[in-house]
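Thanks, everyone; I would like to walk you through one model this morning, with the criteria stated as we go. Please keep the display in view while I talk.

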Amino acid sequence: MIPLRVILLPALLDDTDLVGRAVVVFDVLRATTSIAAMIAAGAREVRVFGNIDAARAAAAAYHDSPKVL
């Protein structure tokens with residue numbers, strides 16, 4: 001049987017957890033909590049991106065977007 005290690009916070013992750021291993025990340029609780037808070041605060045839309053470059057490109061393409069650094 002393959003040993004399984006569960007790491008609950010990113011701060012608890014170190015290089016020995018990654019080198020030579022398959023890693024799966026489930027961040028459903030944190031994402032769901034953040035999205036629920038945004039909607040409760042009146043957000044009209046929530047967009048999810050796989051990386052910062054995709055988020056920056058979408059922000060730059062949005063007609064009401066402030067300047068993206």
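Let me begin with how elements are named: helices (H or I, at least four residues) and strands (E, at least two) are DSSP runs, numbered from the N terminus. Just after α1, Gly42 takes a positive phi of about 105 degrees. What you see is a predicted model, in which local features need pLDDT of at least 70 and side-chain atom pairs count only at pLDDT 80 or more, while totals for chains, interfaces and linings use all residues. Residues are numbered from 1 along each chain as its sequence is written, and side-chain values use heavy atoms, with hydrogens and water left out.

The protein chain has two helices and zero strands. Helix α1, residues 28-40, has 13 residues and reaches 18 Å from its first C-alpha to its last, close to the 18 Å expected at 1.5 Å a residue, where the expected span is 1.5 Å times one less than the number of residues.

How many salt bridges does the structure hold? There is one salt bridge, the term meaning a side-chain nitrogen of Lys or Arg within 4 Å of a carboxyl oxygen of Asp or Glu. The side chains of Glu45 and Arg47 meet in this bridge at 3.7 Å, N to O. Glu45 counts as exposed because its relative accessibility is 53%, whereas Arg47, at 47%, is partly exposed. Glu45 lies in the loop between α1 and α2 (52-61), and its C-alpha is 9.6 Å in space from that of Ile35, ten residues apart in sequence.

Finally, the largest pocket is lined by 22 residues, of which Arg5, Ile7, Val23, Val24 and Val25 lie nearest its centre. For the criteria, on a 1 Å grid over the protein atoms alone, a pocket is an open set of points where a 1.4 Å probe fits, with protein on both sides within 12 Å along at least five of seven lines, and lining residues have an atom within 4 Å of a point. Val25 lies in the segment before α1 and is exposed, with a relative accessible area of 69%. Val25 and Val6 are 19 residues apart in sequence and 9.8 Å apart in space, C-alpha to C-alpha.

Notes
Buried means under 20% relative accessible area, exposed over 50%, partly exposed in between (1.4 Å probe, protein chains only).
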